[in-house]
Amino acid sequence: IDLGREGAAADFARAFFTRDPLKPLGGKRAPLGCLQRLQLRELNLRWDSPSKHTYTEGGRFPVPEAGNVHCDGAMFGVKPRPEWTASLFGGLTARRNDQQYVTYNPEDLGYGGILQYQSIDRSWDQNLFSSLAVVQQTHGSDIDRRYLFSNTAYQWSARSRIVELLYLDLV
């Protein structure tokens, strides 16, 4: 594109704000292959009890407190204290480690338990978060992966923090 020519800005805007923004100006459309695939990355319902001591979630959702898990299923959690949460989740694994995108995997199950701490007096300068999870993923009747996940972040001033991230595969 010669942006110096008269009318180039209008051509550029027309190309990027129409239904076909990926079509190069004056050229042929490049094949996108799998990039044209529709992905439903997250669609879920969550209900917190009126007492805020329990919650239930169902649908397709990520579980970042348990690592790189995408679940087509349900989660149930309890909050015995405002800073502590314990939860269980399970369902179909929406994205295996060998898959780039989330998809329907009827043969793959994933489930686990999470214990999480989040300081209630957190601020931009001081904060403590910690998550510990045990996860098992199966393919058919075979165990695909079983691991311990841990993530802790402690910040004691605006520029000082310690962060820990652990995946420990259990064989």
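Predicted model: local features only at pLDDT ≥ 70, side-chain atom pairs only at ≥ 80, totals over all residues.
About how much space lies in the largest pocket? The answer is about 330 Å³.

**Figure 1**
The strands are ordered 1-2-3-4-5-6-7-8, and their pairing is antiparallel. Strand 1 (43–48) and strand 8 (160–169) stand at the edges; each has a single partner strand, so one side of each is left without a neighbour in the sheet. From one strand to the next, the twist averages 10 degrees.

**Figure 2**
Strand 1 runs antiparallel to strand 2 (residues 54–62), and 6 bridges join them. How many residues lie between strand 1 and strand 2 in their hairpin? There are 5 residues between them, and lysine 52 in the turn has a positive phi of about 65 degrees. Leucine 45 is opposite glycine 58 of strand 2, and aspartate 48 is opposite tyrosine 55 of strand 2. Strand 2 also pairs with strand 3, in the antiparallel sense and over 9 bridges. Here glutamate 57 has methionine 75, in strand 3, as its bridge partner.

Strand 3 (residues 70–81) pairs with strand 4 (residues 84–93) over 9 bridges, in the antiparallel sense. The hairpin that joins strand 3 to strand 4 passes through 2 residues. Which residue of strand 4 is the bridge partner of cysteine 71? The partner is threonine 93. On to the next strand, strand 4 and strand 5 (residues 108–118) run antiparallel and are joined by 9 bridges. Alanine 86 has leucine 115, in strand 5, as its bridge partner.

**Figure 1. The largest pocket.**
The space in the largest pocket is about 330 Å³. Its lining has 23 residues, and those nearest the centre are Arg46, Tyr55, Lys79, Thr85 and Gln116. Which strands each supply at least two residues of this lining? Strand 1, strand 2, strand 3, strand 4 and strand 5 do. By residue class, the lining of the largest pocket holds 10 nonpolar, 5 polar and 8 charged residues.

**Figure 2. The cavity.**
Over the whole structure, a search finds 1 cavity of 30 Å³ or more. The largest cavity holds about 50 Å³ of space. Its lining consists of Thr93, Arg95, Arg96, Asn97, Asp108, Gln137, Thr138 and Asp144.

**Figure 6**
A pair of aromatic rings is described by two values, the distance of the centres and the angle of the planes. The count comes to 4 aromatic pairs. Ring pairs link Tyr147, Phe149 and Tyr167 into a cluster. Elsewhere, arginine 46 lies over the face of tyrosine 55, at 3.9 Å from the ring centre. Tyrosine 55 is also the residue that aspartate 48 stands opposite in strand 2.

Conventions:
Residues numbered from 1 in each chain as written. Heavy atoms only, no water. Pairing = 2+ DSSP bridges. Helix = DSSP H or I, 4+ residues; strand = E, 2+ residues; numbered from the N terminus. Axes fitted to C-alpha atoms, helices over the stretch in contact; angles between N-to-C directions. Phe/Tyr/Trp six-rings, centres within 6.5 Å; stacked < 30°, edge-to-face > 60°. Lys NZ or Arg CZ within 6 Å of the ring centre and 35° of its normal. 1 Å grid on protein atoms, 1.4 Å probe; cavity = no way out; pocket = protein on both sides within 12 Å on 5 of 7 lines; lining within 4 Å. Points joined across faces, edges and corners; volume = space filled by probe spheres on them. Nonpolar A, V, L, I, M, F, W, Y, C, P; charged D, E, K, R; others polar.
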